[in-house]
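Have a look at the structure first, then read on.

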Amino acid sequence: MKTLFTMDKAAYANMLAGLNSQHFTERKGNLTDFRLYYDDLWLSDTAVIENLRLYRGEWEVELIFAHTANPLKFIKRRITSNSCPKRAAQQAHYMRRLAAKDQRGTLTVSANQLNACLN
C-alpha cells in the first residue's frame, strides 16, 4: 500500500506563512501597467518575420512583429503547428503575408539596427 504524502512541520509552517503574507506582498496593478496593450499604434510599422521551430515532434509556426525603427520592440505569437515541415513552411509564408501591413515585404529589420556591442 502506498504511503500518504507527508510534509515536514517546519516546511508546512513556512508554506502557510508565505500564503498568509501574500496579502501584504501582492498588490493590484495600475492602468499604466496595461499601456502596452492599448498603445498598439507602433504595430502599424512592424516587419513580420516567420519563424519555424521543432517542438515536441511538431513544427510550430510563430510570427514575430518587430518595429522597424526599434527592432528590440517586438511581439512573438505562436500561430499553429504541423507535423510536415513543408506544410508548416507554406503556412508560415501565407500567415506572414496575411498579417503584414505591407504584403510585398519591403518593411524589414536588419541585424545592423540592433547596434550590438561585441565587447
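## Surface and burial

The protein chain exposes about 10,200 Å², with areas worked out by the Shrake-Rupley method using a 1.4 Å probe. Carbon and sulfur atoms supply 55% of that area. Of the 119 residues in the chain, 17% are buried, meaning under 20% relative accessible area with a 1.4 Å probe, protein chains only.

Keep in mind that this is a predicted model: local features need pLDDT of at least 70, side-chain atom pairs count only at pLDDT 80 or more, and totals for chains, interfaces and linings use all residues. Residues are numbered from 1 along each chain as its sequence is written, and side-chain values use heavy atoms, with hydrogens and water left out.

## Layout

The three strands make an open sheet in the order 1-2-3, with antiparallel pairing; strands count as paired if DSSP finds at least two bridges between them. Strand 1 (46–55) and strand 3 sit at the edges, each pairing on one side only. The twist averages 20° from one strand to the next.

Strands 1 and 2 share ten bridges, and Val48 has Phe65 in strand 2 as its bridge partner. Strand 2 (residues 58–67) and strand 3 (residues 74–82) pair over eight bridges, with Val61 partnered by Thr80. Six residues lie between these two strands in their hairpin.

Note on methods:
Buried < 20%, exposed > 50% of the residue type's maximum accessible area, 1.4 Å probe, protein only. Helix = DSSP H or I, 4+ residues; strand = E, 2+ residues; numbered from the N terminus. Axes fitted to C-alpha atoms, helices over the stretch in contact; angles between N-to-C directions.
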